[in-house]
Amino acid sequence: MRFTRIRTAKATAAALVAIPLALGGLASPSQAQGASPSPSGTFGPGCSGLSQKADTAKDKVVEAAAAYPQLSQLVSAAVRAKLSGTLDGRPQVTIFAPNDQAFQKTTASQLASLLSNQGQLKKVLTYHVVDEQISPKDLSNGSFTTVEGSKLTTSGSGTDFKVNGKANIVCGNIKAANATIYVIDAVLQPPS
């Protein structure tokens, strides 16, 4: 019994240390001071430690997203929905990319249901894609038509933006050859 409590306490302590790091708790000084986003640079508290690869600007969007470990579930879902060619073939898109923590917020049954229905999975994922390049200055009060066909909205200022009033942009303005990626902390659902 005592051994189990010690092991549980150690696991809990490790999780408490890992969570802030995974959320980008080590922001750079310019991010901590609330610097305004620049079209040439990334912004947001979740950017630190996000990249495994220094420069994804020459990669098509799916390869660029695959370079970020926190987007592994999104990349896996895009491959499962057979969207890789579609996304990589578009000339300029913006992806509001749910990170792995966003997928973990969904219930196991919701996620299993989504992943087992390719049509629904494709609908949900294409709701995260806008067929135009969106810069940080367009996020303040934006309304965009998604590839899925519905509208999504963005709001906020400085480096603090939301999508549909619920998902936070935790790291924004990541460049790929044919896309701009904004990492968000929730999986968006298209309107019924």
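Predicted model: local features only at pLDDT ≥ 70, side-chain atom pairs only at ≥ 80, totals over all residues.
How do the residues of the lining of the largest cavity divide into nonpolar, polar and charged?

Residues are numbered from 1 along each chain as its sequence is written, and side-chain values use heavy atoms, with hydrogens and water left out.

Now, the cavity. On a 1 Å grid over the protein atoms alone, a cavity is a set of points where a 1.4 Å probe fits but cannot get out, and lining residues have an atom within 4 Å of a point. The largest cavity has a volume of about 160 Å³, taken as the space filled by probe spheres set on grid points joined across faces, edges and corners. It has 17 lining residues, and V62, L74, A78, L87 and I95 are the closest to its centre. Back to my question: the lining has 15 nonpolar residues, 2 polar and no charged. Here Ala, Val, Leu, Ile, Met, Phe, Trp, Tyr, Cys and Pro count as nonpolar, Asp, Glu, Lys and Arg as charged, and the others, Gly among them, as polar.

Next, please find helix α8, residues 118-126; helices are DSSP runs of H or I, at least four residues, numbered from the N terminus. In α8, L121, V124, L125 and T126 are buried, meaning under 20% relative accessible area with a 1.4 Å probe, protein chains only.

How values were computed: Buried < 20%, exposed > 50% of the residue type's maximum accessible area, 1.4 Å probe, protein only. Helix = DSSP H or I, 4+ residues; strand = E, 2+ residues; numbered from the N terminus. 1 Å grid on protein atoms, 1.4 Å probe; cavity = no way out; pocket = protein on both sides within 12 Å on 5 of 7 lines; lining within 4 Å.
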